[in-house]
Amino acid sequence: MKKIILTVVIAFISHLSIGQNFAELNNYEFKSVESYKTEESKVLLCANYLFNNPANKSELNRLISIQYIMKWMMGTPDYTFEIGEKAMELTKGNDDLLGLYMAAMSKVVIESKSEKLDSEQIYNQAEDILVNYCSNSDNKMKPSKKIKKILKSRKD
């Protein structure tokens, strides 16, 4: 019981701490190679924030989170991100879906530090995160045709 309470408290505090620092994230500048490494935990917090909240909640905080993740992705020397044809088909012109897909890719590589993932593995895991997010109607995210097709195939 104590572990459950501790876990809930930690999750709540993490949620509050990221909620209070969105303005700080908006103005953050990555100044060195090391700064990309030290900010990985904040990138992961932003990605988790995006996937744990509906798309219509705190739109400014969501935008800041996606921008922060994109800045990190463009400069981090530790990872290479490929947004290929499959990713473009998955998100099909929807900027919100593309932002979430990039957040999912960041989440995948940061959480899988111990193993070297290739582009296909990153894509597959990020796709799964995005499709799962879109499958929950409470998240208020309109899925693309490809995501709808994936969701339909899961039901069959």
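These legends describe close-up views of pockets and aromatic pairs in a predicted model.

**View 1. The largest pocket.** About 280 Å³ of space lies in this pocket. It is lined by 14 residues, and R62, L63, I66, D95 and D96 are the closest to its centre. Helix α7 supplies the largest share, with 6 residues. By class, the lining has 8 nonpolar, 1 polar and 5 charged residues.

**View 2. The second largest pocket.** The space here is about 230 Å³. Its lining includes D78, Y79 and T80, then V109, S112 and K113. E115, K116, L117, D118, S119 and I122 also line this pocket. The lining divides into 4 nonpolar, 3 polar and 5 charged residues.

**View 3. Aromatic pairs and the Y28–F30 contact.** The structure holds 9 aromatic pairs. In one of them, the ring centres of Y28 and F30 lie 4.9 Å apart. Their planes stand at 80°, over the 60 degrees required, so the pair is edge-to-face. F30 has 14% relative accessibility and therefore counts as buried. Ring pairs also link Y28, F30, Y36 and Y68 into a cluster.

**View 4. The F51–Y133 pair.** These two rings form an edge-to-face pair, 5.6 Å centre to centre with 85° between the planes. F51 belongs to helix α4 (residues 40–52) and Y133 to helix α8 (residues 119–135), so the pair ties together parts 82 residues apart in sequence. Both F51 and Y133 are buried.

How values were computed
Residues are numbered from 1 along each chain as its sequence is written. This is a predicted model: local features need pLDDT of at least 70, side-chain atom pairs count only at pLDDT 80 or more; totals for chains, interfaces and linings use all residues. Side-chain values use heavy atoms; hydrogens and water are left out. On a 1 Å grid over the protein atoms alone, a cavity is a set of points where a 1.4 Å probe fits but cannot get out, and a pocket is an open set with protein on both sides within 12 Å along at least five of seven lines; lining residues have an atom within 4 Å of a point. Grid points are joined across faces, edges and corners, and a volume is the space filled by probe spheres set on the points. Helices (H or I, at least four residues) and strands (E, at least two) are DSSP runs, numbered from the N terminus. Ala, Val, Leu, Ile, Met, Phe, Trp, Tyr, Cys and Pro count as nonpolar, Asp, Glu, Lys and Arg as charged, and the others, Gly among them, as polar. Rings of Phe, Tyr and Trp (its six-membered ring) pair if their centres lie within 6.5 Å; planes under 30 degrees apart count as stacked, over 60 as edge-to-face and the rest as tilted. Buried means under 20% relative accessible area, exposed over 50%, partly exposed in between (1.4 Å probe, protein chains only).
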